Amino acid sequence: MSESKTLKIRDIITALHNHERFMVFTHVHPDGDALGALVAMQLILRRMGKRADTHTPDPFPSEYAFLANVQEIKNKVSESMDYDAAILVDCGDLERVGDKFLDTVKATPFLINIDHHLVSKPFGNASWVQTSASSTCEMLFDLCMNLSLAPDRALATALYTGILTDTGSFRFSNTNARVFEVISALVGFGADPARIASSVYDSASPEKLKLLARVLDSMELHASSRLVTAELSRSMMSGSSSNYMESEGFINHLRSVKSADMAIFFRETGEGLIHVSMRSRGDINVAKLAQRYGGGGHRQAAACRIPGDLRSVRSMFIAEALSYIKADNGDTKSDVK
Ligand code: 5GP
Ligand code: MN
C-alpha cells in the first residue's frame with residue numbers, strides 16, 4: 001500500500017474514532033457502488049460501536065433491495081439526532097449529495113469524504129480520494145482491513161455488490177489483479193457471487209425490457225458508428241409502469257456495439273434538464289467532456305445534466321461529442337473506469 005494511501009486511511013480512522021453519531025450520504029440517483037458503500041459504511045460504523053444513519057434523497061433501484069438494512073435508509077435527516085459527523089461515500093463533489101441534504105452536510109461539525117471519482121473535488125475535514133480504486137466499495141474493504149475488521153456476510157455482500165457493478169461485472173478497464181484479490185477475500189467472508197449477480201442482473205420487470213426496446217429503437221449511429229446514441233423521453237415512459245431509475249443500465253447496450261468508441265444516452269428528467277450519460281472505450285476521457293457542463297465521473301463513465309429540451313440537447317451534444325472524438329481527446333492513463 002502506498003504511503004499516502006496509508007496516511008489518508010489513518011486520517012479517516014482517527015476521524016471515525018473521534019466521533020460517535022454519523023450521518024452517511026452518497027450521490028443522488030445511487031447506483032450499486034453508491035448503495036453498497038452506503039450500507040457498508042453503516043455496518044462498519046456499527047461494528048465500531050457508533051451510531052450511523054444512512055440517507056438518500058431518491059428512491060433506489062429495486063435490484064438492490066437485497067442489501068442489508070436498506071429499509072433503514074432515510075430520505076430525511078432526523079431532527080432529533082445530535083449528529084457530530086457526516087460521511088459522504090462515492091460522491092464526486094459535495095453538491096452531488098443532492099439539494100435536499102446539502103445545507104445539512106455543509107453545516108455538519110465534521111465532514112468525511114471517501115471517493116474514487118476522477119473528476120472529484122476534494123472536500124471535507126478528512127478526505128480520501130483514490131482514483132485508482134475500482135470502486136468506493138474496494139476502498140471500504142481496505143478500510144476494514146486497516147481497522148482489523150473481518151467483514152461478516154452482510155458487509156462482504158455490500159462490498160462485493162459495489163465492486164461488481166462499478167467494474168461492469170469485471171469487464172471495464174478498472175478491473176485489475178487487486179480487484180480479484182479483494183473479490184476473492186469477500187467471497188471468503190461469505191459474499192455469494194451467483195446470488196448477488198442474480199439479484200442485480202436477473203431481476204428485471206417485463207416493463208423494463210419493453211422500455212429498453214423503445215430506447216434501442218431510438219438508437220442512432222454517427223461517425224461510421226464510432227458514436228452510438230439513444231434517448232429516453234418522458235413520453236416514452238408514460239404508459240409504462242417502468243421508471244426512470246430502471247433505465248440506469250441501458251447505456252451498456254449502446255456501449256456493446258463493436259465499433260463504438262463512445263455511447264451517449266439522453267434522458268429527460270422532468271426538471272427541465274437532460275441527463276447525459278456517457279461511456280467510452282480506449283483513450284476517450286468522457287469525464288473531461290462531462291466537466292464542460294458541470295458534470296464529471298470516470299474516464300470511461302461520466303455524466304452531466306444540461307438544461308433544455310431533449311431534441312436540441314441531443315443534437316447539440318452529438319455535434320460536440322463528434323468534435324471531441326475527432327480531436328482525439330483523452331490522455332494516456334488507463335487505470336480507471
Ligand atoms: P451515470 O451515467 O451512470 O449517471 O454516471 C456515470 C458516472 O459518472 C457515475 O460514476 C456517476 O457517479 C458519475 N457522475 C455522474 N454525474 C456526475 C457529476 O456531476 N459529477 C461527478 N463528479 N461525477 C458524476
Ligand atoms: Mn463508484
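Between domain 1 and domain 2 there are 2 residue pairs in polar contact, both at pLDDT 80 or more. A polar contact here is a pair of N or O atoms within 3.5 Å; within protein, one must be able to donate a hydrogen and the other to accept it, and residues adjacent in sequence count only if both atoms are side-chain atoms. The model is predicted: local features need pLDDT of at least 70, side-chain atom pairs count only at pLDDT 80 or more, and totals for chains, interfaces and linings use all residues. Residues are numbered from 1 along each chain as its sequence is written, chains are lettered from A and ligands numbered from 1 in the order in which they are written, and side-chain values use heavy atoms, with hydrogens and water left out.

Domain 1 spans 3-201 and domain 2 spans 206-332; these bounds come from an automatic or database domain assignment. Their centres, taken over C-alpha atoms, are 26 Å apart. The contact (heavy atoms within 4.5 Å) draws 12 residues from domain 1 and 15 residues from domain 2.

Arginine 21 lies in strand β1 (residues 21-25) and aspartate 82 in the loop between β2 (51-54) and β3 (85-89), so the pair ties together parts that are 61 residues apart in sequence. Helices (H or I, at least four residues) and strands (E, at least two) are DSSP runs, numbered from the N terminus.

The manganese ion (ligand 2) is coordinated by Asp33 (OD), Asp90 (OD), His116 (NE2) and Asp166 (OD), at 2.2 to 2.3 Å. Donors are N, O and S atoms within 2.8 Å of the metal (3.2 Å for Na, K and Ca); water is not among the atoms, so sites may look incomplete. Histidine 116 lies in the loop between β4 (111-115) and β5 (126-129) and aspartate 166 in helix α5 (residues 153-166), so this pair ties together parts 50 residues apart in sequence.
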